[in-house]
Amino acid sequence: MSDSSPVPSAVVLDVWCELQCPDCRSALDDIRALRARYGDRLDVRLRHFPLEKHEHAFAAAQAAEEAAEQGQAWAYVEAVLGRVEELSRAGEPFLVEAARELGLDAEEFDTALIDGRHILIVDADQAEGKAIGVTGTPTYVIGGERLDGGKSQEGLRERIEEIADRLLAENT
C-alpha cells in the first residue's frame, strides 16, 4: 500500500508489517525518520503480513487497505500501531473507531470488514512475503535486500539509509 504513485527515480522500501505487532509499533519512529529524510525519493510501501498469534491482525490489514482507499493510509496505520493494546482488547470495533477519529467513513470501514473486499490484497501480500522468506514483522526489503526487524531494530535504519543512498546515487 502506498499513498501515491511512485516517483520514477524513487527507491522502493517495502515494509512487511502487522498492525497488532508491538515490534512494528517500535519501528514507526524509524519509518517516520526515513520518510522525513527522503520525502518522495523513497516510496515506503506497507506490505501486510498478519501473524496467526494476533487475533485481529488480518482484520487490521483489511482496514488499512480501506484507509488507503479513503486517502489516509499512513495516518491510519500510525493510529492503529500507536494503540496495539487497544486493538488487542477491542478488536474490530476499535478499527472502525480509529477510522472515525481520523474523519474517515467509519460505516464504509465496517462494511469493508464485513464484505471482505480487501482480503485478496492482504492474502497476496502475505503469500509474496512467505515466498521471499518473511517470517516475522517488521521485515524490510530495499534494493533486493531483506532486513529482519522482528528481533531488533538496532542499526536497521542506518542500513536502510546506506542502501537508499547508494540506489539514489545510481539513479542520478
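**Histidine 48**

I began with histidine 48, which lies in strand β2 of what is a predicted model, where local features need pLDDT of at least 70, side-chain atom pairs count only at pLDDT 80 or more, and totals for chains, interfaces and linings use all residues. For the bookkeeping, residues are numbered from 1 along each chain as its sequence is written, and side-chain values use heavy atoms, with hydrogens and water left out. Helices (H or I, at least four residues) and strands (E, at least two) are taken as DSSP runs and numbered from the N terminus.

I looked up the accessibility of histidine 48 and found 2% relative accessibility, so the residue counts as buried; buried means under 20% relative accessible area, exposed over 50%, and partly exposed in between, with a 1.4 Å probe and protein chains only. Its side chain is joined to that of glutamate 65 by a polar contact of 2.7 Å. I take a polar contact as a pair of N or O atoms within 3.5 Å; within protein, one must be able to donate a hydrogen and the other to accept it, and residues adjacent in sequence count only if both atoms are side-chain atoms. Leaving aside neighbours within four places in sequence, the contacts (heavy atoms within 4.5 Å) of histidine 48 include Trp16, Cys17, Ala61, Ala64 and Asp125.

**Histidine 54**

I then went to histidine 54, in the loop between β2 and α2 (57-69), which at 16% relative accessibility also counts as buried. Not counting residues up to four places away in sequence, histidine 54 touches Glu18, Gln20, Cys21 and Pro22.

**Cysteines**

How many disulfides does the rule give? With a disulfide defined as a pair of cysteine sulfur atoms within 2.5 Å, the count comes to zero. Cysteine 17 is in no disulfide, and the nearest cysteine sulfur, that of cysteine 24, is 3.5 Å away. Cysteine 21 is likewise in no disulfide, with the sulfur of cysteine 24 again the nearest, at 3.6 Å. I noted that cysteine 17 is buried at 6% relative accessibility, and cysteine 21 at 5%.

**Helix α1**

I checked the length of α1 (residues 22-38): its 17 residues should span 24 Å at 1.5 Å a residue, and the end C-alpha atoms are 25 Å apart, which agrees; the expected span is 1.5 Å times one less than the number of residues. The helix bends by about 35° at leucine 28, the bend being the angle between axes fitted to the seven residues ending there and the seven starting there. The buried residues of α1 are Cys24, Ala27, Leu28, Asp30, Ile31, Leu34 and Tyr38, and they pack against β1 (11-17), β2 (42-48), α3 (73-81), β3 (139-142) and α8 (156-171). Glycine 39 follows the helix with a positive phi, near 55°.

**Helix α8**

I turned to α8, whose 16 residues reach 22 Å from first C-alpha to last, close to the 22 Å expected. Its buried residues, among them Leu156, Ile160, Ile163 and Leu167, pack against β1, α1, β3 and β4 (145-148).

**Whole chain**

Finally, I looked up the overall layout, which comes to eight helices and four strands in the pattern β-α-β-α-α-α-α-α-α-β-β-α. Of the 172 residues, 48% count as buried, and residues 24 or more positions apart account for 72% of the contacts with a separation of 6 or more. The C-alpha atoms fill a box of roughly 45 × 30 × 25 Å along the principal axes.
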